[in-house]
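Visitor: Hi! Could you walk me through this model, starting with the big picture and then going into single residues?

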Amino acid sequence: MKTRHVEPRPGYDLALTIDVWIQSILEDEMFKQCEKYPPKGAVGVVLDATNGEVLAMSSWPTFDPNKHTLYPPESYRNRVVTDVYEPGSMAKAFTAAAALEYGIMNPDTIIDCEGGRYYLHGRTVRDAGSHGYNEISLTKVISKSSNVGAAKIGEAVGKERLYDTLCAFGLRTRSGMGLWGEEYPWLYPPSKWSKKSVASISFGYELCVTPIALARAYTAIARDGTFPDISVVRGVYSPNGGRLGVEVGEHGPRKRAISERTAAQLRMILRQVVLDGTCRAANIPEYKIAGKTGTALKVKNGKYVWDKTLNLFIGFAPLEDPQIVVLISLDEPTRAQYGGTVAGPAVTEVIRRTLEYLGVPKANDTE
């Protein structure tokens with residue numbers, strides 16, 4: 001058989017959205033926490049809140065691609081897109097969004113948190129630790145991360161509206177980034193929910209998300225209630241500099257999750273998480289940060305246990321005009337628990353250093 005000779009041609013250039021300096025900041029701060037609280041694994045991602053571009057993305061444990069045979073295969077995967085987990089208290093913002101969006105509650109609505117113990121549908125919903133809140137506002141339910149309060153908000157919203165809100169935030173779809181191996185978030189339709197499901201889902205169980213899906217959903221809160229497709233490719237260019245059409249990385253229309261009014265209310269609620277809630281370490285003078293902590297119990301021998309947890313913090317800033325959304329999570333950290341402790345400081349430093357690098361003006365926060 002005759003072979004055909006094909007003349008070589010210059011290759012194309014691939015331009016990524018990844019910023020080398022922001023990537024180094026993310027890895028530096030995330031790895032510090034991994035050394036301090038050695039976890040089973042960790043992920044971090046920095047998104048441009050305005051257009052969904054991935055500015056940095058990191059997984060731990062990491063590996064050297066030049067010597068990959070020296071590392072276990074599980075270190076190869078990009079956990080930002082391949083790992084799915086129950087988000088725990090990170091989901092409480094979506095529960096509050098449903099109550100606000102449908103006019104069922106407002107930020108000042110008083111909720112009786114029953115001293116931190118609430119018997120519902122044959123089981124007792126408990127707040128974490130020794131917290132025993134009684135009558136507090138919806139804002140404080142979220143800022144203090146009360147499971148009881150979130151369950152009561154969810155019960156008031158109802159399963160159909162709660163499900164619709166979670167879907168509106170994109171929590172059943174992939175990110176649009178196009179990276180191989182990205183998993184779908186997982187959420188059953190209401191027809192398959194039990195009587196306990198509304199309460200469980202309201203504070204972050206019976207649904208699973210990827211880190212990138214969670215970060216994308218929070219861009220809707222950070223901005224105007226809409227979120228973009230996520231992109232990691234900025235463009236493909238021919239040798240003469242012309243840009244070629246590509247599917248991955250093209251910015252499509254933003255998708256509406258909630259109204260602008262609800263998004264604005266949620267930003268102020270999540271600001272209280274930093275001012276007087278579960279991540280006061282993020283209250284820095286340089287930039288006004290808002291965000292949400294999460295500490296999700298994991299399953300061991302068929303039961304949720306406190307010695308295996310996923311600990312997260314997601315933050316965005318500056319509050320007045322959010323430019324970036326940052327998520328960091330540590331899987332089964334040792335020596336400490338709670339997202340505000342093990343992930344909060346890293347997210348805070350990534351936000352501060354990244355905004356300084358981007359030249360975003362600092363604020364004199366006198367709150």
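This is a predicted model: local features need pLDDT of at least 70, side-chain atom pairs count only at pLDDT 80 or more; totals for chains, interfaces and linings use all residues.

Visitor: Great. How many helices and strands does the protein chain have?

Guide: The protein chain has 11 helices and 14 strands. Both are DSSP runs numbered from the N terminus: helices are H or I with at least four residues, and strands are E with at least two.

Visitor: And what is the radius of gyration of the protein chain?

Guide: The protein chain has 21 Å, which agrees with the value near 21 Å for a compact globule with 367 residues. That radius is taken over C-alpha atoms, and the globule rule is 2.2 Å times the number of residues to the power 0.38. Along the principal axes, the C-alpha atoms fill a box of roughly 80 × 50 × 40 Å.

Visitor: What percentage of the residues is buried?

Guide: Buried residues make up 54% of the 367 residues. Buried means under 20% relative accessible area, exposed over 50%, and partly exposed in between, with a 1.4 Å probe and protein chains only.

Visitor: What about contacts between residues at least 6 apart in sequence: what share joins residues at least 24 apart?

Guide: That share is 70%. Contact here means heavy atoms within 4.5 Å.

Visitor: Switching to charge: how many positive and negative side chains are there?

Guide: There are 44 positive and 41 negative side chains, and the centres of the two sets lie 5 Å apart. Lys and Arg count as positive and Asp and Glu as negative, while His and the chain ends are not counted. Each charge is placed at NZ of Lys, CZ of Arg, CG of Asp or CD of Glu.

Visitor: What is Phe 94 in contact with?

Guide: Beyond its neighbours within four places in sequence, Phe 94 is in contact with residues including Phe 169, Leu 214, Tyr 218 and Ile 221. Phe 94 is also one of the buried residues in H3. Gly 103 follows H3 and has a positive phi, near 70°.

Visitor: Let me jump to Ala 150. Buried or exposed?

Guide: Ala 150 counts as buried because its relative accessible area is 1%. It lies in helix H5, residues 147-157. Setting aside neighbours within four places in sequence, Ala 150 contacts Lys 92, Thr 95, Val 141, Ser 202 and Phe 203.

Visitor: And Thr 354, which residues does it touch?

Guide: Not counting residues up to four places away in sequence, Thr 354 touches Ile 22, Ile 25 and Ile 324. Thr 354 sits in helix H11, residues 344-358, and is buried, at 0% relative accessible area.

Visitor: Where is Asp 112 found?

Guide: Asp 112 is in strand E4, residues 110-112. It is partly exposed, with a relative accessible area of 31%. Asp 112 and Glu 135 are 23 residues apart in sequence, yet 4.2 Å apart in space, C-alpha to C-alpha.

Visitor: Last one: what is the phi of Glu 206?

Guide: Positive, about 65°, although Glu 206 is not a glycine. Glu 206 counts as partly exposed, at 29% relative accessibility. Glu 332 also has a positive phi, about 55°, but Glu 332 counts as buried, at 17%.

Note on methods:
Residues are numbered from 1 along each chain as its sequence is written. Side-chain values use heavy atoms; hydrogens and water are left out.
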